[in-house]
Amino acid sequence: MDRISDSPRNVGPSAVEREFDSSAEGTGKVPRALWLFAGVVACLGSFYFGVYHGGFRSDVFDENEFNPGLLSQLDQTDKSKATTTQVVSLAEEGKKVYSNCVACHQGGGLGVPNQFPPLAGASWVTGSEKRLVAILLKGLVGAVEVNGVSYNGVMPAWEKQLSDRKIAAVATYVRSAWGNGAGEISEEKVRALRKSLAERSASWTQTELMEIAEGQTIEVGDSGTGAGVNSSLGGAAPAISASAVDLESGKALYGAICAACHQPSGLGLPPVFPPLSGSEYILGNSDRIVAIILKGVQGPLSVGGVVFNGVMPAQEGVLSDRKISEIVSYVRKSFGNASLPLVTSEEVSKVRSALSVRSVPWTEAELAKFPSQGLPDLKP
């Protein structure tokens, strides 16, 4: 029997030892599963410390600042911030709308001498809210004095072209630009005044606008005339008696609407546009010239023995009875024409009503049927 040795038995390496023995047969590498496990632990640990590091300070920790629940809200917060930074003020929006006004009032708000008044430093802009918005809605004709200087251009009405928002925006812009320091005019105020002036079709004159107090604001509940404004500003323009026809307004309207064809001198442009100076159509039956302005003329027309072959566009959808009254009266008093009676808005209204069913321009043959006064029998 062999003697048992005190020395360790020389036993071969176990399976585990062979697994970790780099000299053992095999790949000589740590198992892949263990590497994978170590990688997952490292990632989770990094995430945990990234969220809960608390600035690595033991004395400060804000659970709201380092709350993983907030991570899902980051996109929402960013979108909210982006929306906030994109908000445009009413004045900034009005600066874009003002592009419609630059041709007359200029980019610096200084206007054009003798024609279009400045907006910079003008009390018409910085004073009454109601006055400024009323002008933007309905327009302004005739002479107007700004800072002691008279201007005689025409301010068109913008109520059909611009929304309440855009009128509020451009009014706010001009009241705050070029050193003006007046406040904002809201969309609600414009809407209220538009409603109260809905029945008015005529442009303002300076005399009418001066009836509005300098500091007059617009009440959102405004209806009808409103405080400090007479009935002529609250509704349709009243009829004008012969003694009250505004020839200065007629002159301004003529310059804006008629002068391009008939010329400032009233001499016309042969052989297209006939003269108004000494014309039998001006000196004759006043109803006839009103009828021409309302419905227009097409085809050859003999004036003073000279044939003209232009086109006179109908103005019935553009000009009110009052404006036609002022233009006709001005032309019949100007360019060397005889001192003829003025034409009132009541007379224009009667002609308009009598011709309401007519939809085509006049011809020379039809105009020749007009008697010395009144309208002819135009029934077929």
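User: Before we start, what makes two rings a pair here?
Analyst: Rings of Phe, Tyr and Trp (its six-membered ring) pair if their centres lie within 6.5 Å; planes under 30 degrees apart are stacked, over 60 edge-to-face, and the rest tilted. This is a predicted model, where local features need pLDDT of at least 70, side-chain atom pairs count only at pLDDT 80 or more, and totals for chains, interfaces and linings use all residues. Residues are numbered from 1 along each chain as its sequence is written, and side-chain values use heavy atoms, leaving out hydrogens and water.

User: Ok, how many aromatic pairs does the structure hold?
Analyst: Seven. In one of them, Trp362 and Phe370, the ring centres are 5.5 Å apart and the planes at 80°, so that pair is edge-to-face.

User: Are Trp362 and Phe370 buried or exposed?
Analyst: Trp362 is buried, at 0% relative accessible area, and Phe370 is buried at 7%. Buried means under 20%, exposed over 50%, partly exposed in between (1.4 Å probe, protein chains only).

User: What lies over the face of Trp362?
Analyst: Arg358, at 3.8 Å from the ring centre. The cut-off for a charge over a ring is NZ of Lys or CZ of Arg within 6 Å of the centre and within 35 degrees of the ring normal.
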